[in-house]
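The questions below go through one predicted model.

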Amino acid sequence: MTKYIFITGGVVSGLGKGIAAASIGLILKSRGLKVVNQKFDPYLNIDPGTMNPIQHGEVFVTDDGAETDLDLGHYERFTDASLSQSSNTTAGRVYMTVLQREREGGYNGGTVQVIPNVTEEILRRMLISTEETKADVIITEIGGTIGDIESLPFIEAIRQIKYRVGEENCCYIHLTLVPYLGKAQEIKTKPTQHSVKELQELGIQPNILMLRCDAPIDLATREKLALFCNVDSDCVIQNTTARSIYEVPLQLEGERVGDAVCKVLSIETPPTELSEWTRMVERFHSPKDTVRIALVGKYVALHDAYLSVVESLTHAGIANGLSVEIDWVDSEELAGDGEAERRLSGADGVIVPGGFGPRGVEGMVRAAKYCRTRGVPYFGICLGMQIVVIEYARNVLGWTDAHSTEMDKSTPHPVIDLMPDQNGKILGGTLRLGKFECAVSDGTRTFEAYGSRTIWERHRHRYEFNNKYREELEKAGLVIAGVNPERNLVEVVEVKGHPWMVAGQFHPEFKSRPDKAGPLFREFVRASYESRRK
């Protein structure tokens, strides 16, 4: 029988439920269990695909093309899994399905209500991962904070599920904030007590309390919370602020969270085996040197907008024994070539990640020009790849009006253009999404990085390299290093004779792992460090 773990949050948002869910997934997987993580978000958007990155953070993309919450990136990186469309559900998607069914007569004229119709759809989606994956344990994170109106149907659904699968197969974990008042030198438990009380009023008794805190919590405080919240004392787990997110699984295992979960669910497993993870964390905290990377983007006001890119740079640093220091550069600040040179001169390498719309694009073009003309390592991702093509067309071929039709529909040299099958479509869900094949050319930096002629990477974009200009660009020295064989779409470009200037239309950051860095990230950081030493 599949076991189910539900993680809720209390007191405040932003406590790290996603990291906790990913850490528990890693711990249980290390005990030999097949684990799948999923997230249910209470907002009414169908998915995060059209949400502002500065408000919501990055959109994570799965192999099968789902645009999901960024927490799925944590799940994949910690458990080395490949999640799917069913791994992220929003209230918007639930309500849309219910309303479409009503319009089609699926309820036989009956009154459609939150209970049972909406909760039934939530339950169906919670259980679908069981059918698809045959997992031993399904870990479900419920977005939002206990007390939010929009999350009530999801809380009711996880209350009901124990009657479907058996109470002995459900474990409820409640993550709350335990504040420390410096003036009083006292840890305060009342917010947690009230949060648990509110959860109990909704029909859920947590099995495990996870206490988010900056200072260690003494035994007396834990026993107090266990007594007042009706939880076994060995199921009160502290989740202290760690030096890095990759330390969290080790800290939680030190708190014996794996034992607590297995006790609640009556699971017998071998002991937790995290020796490889421990060695990776040790490498992370003992770098031989530092490399400085300038990240040039338009959403730098919120670093979570580039979360997977940042984590992938960290992975690349671990692989090379280096600490990666990121210099966040707003591309709009690069108003001229002089500004670009002054702002980027301290960087060992420059990375330009993805984005949409014209704002800040000219600054990215200047960053690419600076790297090309100064021999500074450059890594372009998605829009960052298109920027290389635009800059090369303008400043090497002399087409000063070259552009992408996303930014300038009337450009005489549309070196980046809309895919023919995208014309006239609405925005949501119409991008080229998910995993696609790329045939890599011999003798390229890309082939050196991957060591393979065939690679598969995930995509999230609408505009493509315009093959109409391919021959002229190649003659001028732009190397086509990778092509999608099915549609003959250019996937990777490199600049001939440059120390390391590589740009891919895909998003390799989505498949990078802490102990297995994305090949292009690994080689970019290595090239940047070598450039610094020279």
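Q: At what angle do helix α14 and helix α15 pack, and are they roughly parallel or roughly perpendicular to each other?
A: In this predicted model, the axes of α14 (residues 361-374) and α15 (residues 383-395) lie 9 Å apart, at an angle of about 70°. Angles of 65 to 115 degrees count as roughly perpendicular. The two helices α14 and α15 are therefore roughly perpendicular to each other.

Q: Which residues of α15 are met by α14, and what is the hand of the crossing?
A: The α14 side of the contact consists of Val361, Glu362, Met364, Val365, Ala368, Lys369 and Arg372. On the α15 side are Leu383, Ile387, Ile390, Glu391, Tyr392, Arg394 and Asn395. The crossing of α14 and α15 is right-handed.

Q: Why do the buried residues of helix α11 line one face of the helix?
A: The buried residues of α11 (residues 275-284) are Trp277, Met280 and Val281. Viewed down the α11 axis, they line one face because they fall within an arc of 100°.

Q: Which proline is joined by a cis peptide bond, and in which helix does it lie?
A: The bond is between Ile115 and Pro116, with omega about 15°. Pro116 lies in α5 (residues 114-133).

Q: Does Asp80 count as buried, partly exposed or exposed, and which of these is Asn108?
A: Both have positive phi without being glycine, near 50° for Asp80 and near 55° for Asn108. Asp80 is in the loop between α3 and β5 (88-90), and Asn108 is in the loop between α4 (91-103) and α5. The cut-off for exposed is over 50% relative accessible area, and for buried under 20%. Asp80, at 41%, therefore counts as partly exposed, and Asn108, at 74%, as exposed.

How values were computed: Residues are numbered from 1 along each chain as its sequence is written. This is a predicted model: local features need pLDDT of at least 70, side-chain atom pairs count only at pLDDT 80 or more; totals for chains, interfaces and linings use all residues. Side-chain values use heavy atoms; hydrogens and water are left out. Buried means under 20% relative accessible area, exposed over 50%, partly exposed in between (1.4 Å probe, protein chains only). Helices (H or I, at least four residues) and strands (E, at least two) are DSSP runs, numbered from the N terminus. The arc is that of the directions from the helix axis to the C-beta atoms. Axes are lines fitted to C-alpha atoms, for helices over the stretch in contact, and angles run from 0 to 180 degrees between N-to-C directions. Angles under 35 degrees count as roughly parallel, over 145 as roughly antiparallel, 65 to 115 as roughly perpendicular and the rest as oblique. A crossing is left-handed if the near helix is turned anticlockwise from the far one by less than a right angle, and right-handed if clockwise. Contact means heavy atoms within 4.5 Å.
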